[in-house]
Amino acid sequence: MLSPKLHNLLDTGQAPYTTLTHPRTVTAHETASAVRVEANHFAKTVMIKADGRLAMVVMPAAYRADLYRLSLALGGVPVELAEEPEFRDAFPDCEPGAMPPFGHLYGMPVYIDSRLAHQDEIAFNAGNHTEVVRMPYAEFERLAAPEMLWLAHMM
């Protein structure tokens with residue numbers, strides 16, 4: 001079952017999407033493989049603390065978060081990975097590690113890696129470890145209003 005907040009957002013926003021059910025997975029790579037989506041096209045949500053505040057970074061599952069590049073892209077503020085106990089309670093309708101990439105639903109900013117922005121579609125966890133939402137990238141951008149980060153172009 002989709003996260004209730006996500007389900008409500010998609011329905012009230014009249015966004016076209018499909019739900020893909022798969023065997024339980026833990027990593028974004030496993031999930032992408034289970035739903036037959038290339039790791040470059042599957043969006044994983046990475047939780048960070050930017051200048052001490054929780055934020056989401058949405059990036060292709062094929063890449064690892066580069067904290068130095070994230071810091072540069074965010075204006076030089078200190079950036080570190082958030083530990084699960086620091087963010088678990090922020091997502092009461094989600095399984096740990098399966099948060100959908102809609103930070104505003106949970107009171108935090110969401111940043112997206114520009115490598116996902118040129119995709120026709122985006123796929124991501126639906127709030128649990130057995131379902132994925134696939135939708136047009138333009139619809140995701142309309143609903144999530146993420147801030148674009150050009151991480152691949154930074155030296």
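Leaving aside neighbours within four places in sequence, which residues is F91 in contact with? In this predicted model, the answer is M47, M56, M99, Y106 and M108. F91 also belongs to the largest nonpolar core, where it is listed with the residues that have the most contacts inside that core. Here's a quick tour of that core and a few other spots to look at.

**The cores**
- The largest nonpolar core has 30 residues, and those with the most contacts inside it are F91, F102, I122, F124, M135 and F140.
- At least two residues of this core come from each of α1, β2, β3 (53-60), β5 (110-113), β6 (121-125), β7 (131-136) and α6 (137-144).
- The top contributor is α6, which gives four residues.
- Another core lies apart from this one; it has twelve residues, including V46, V57, L70 and L151.

**The annotated domain**
- An unreviewed UniProt entry puts the feature "domain: YbaK/aminoacyl-tRNA synthetase-associated" at residues 22-143.
- Over residues 22-143 the chain is 24% helix and 29% strand, with the end C-alpha atoms 25 Å apart.

- Most residues other than glycine have a negative phi.
- Q14 is exposed, because its relative accessible area is 69% and the cut-off for exposed is over 50%.
- R36 has a positive phi too, near 60 degrees, and is found in the loop between α2 (28-34) and β2 (42-50).
- R36 also counts as exposed, at 75% relative accessibility.

Conventions: Residues are numbered from 1 along each chain as its sequence is written. This is a predicted model: local features need pLDDT of at least 70, side-chain atom pairs count only at pLDDT 80 or more; totals for chains, interfaces and linings use all residues. Side-chain values use heavy atoms; hydrogens and water are left out. UniProt positions are given in the numbering used here, feature names are shortened, and annotations may be inferred rather than shown by experiment. Buried means under 20% relative accessible area, exposed over 50%, partly exposed in between (1.4 Å probe, protein chains only). A nonpolar core is a set of buried Ala, Val, Leu, Ile, Met, Phe, Trp, Tyr and Cys residues joined through side-chain atoms within 4.5 Å. Contact means heavy atoms within 4.5 Å.
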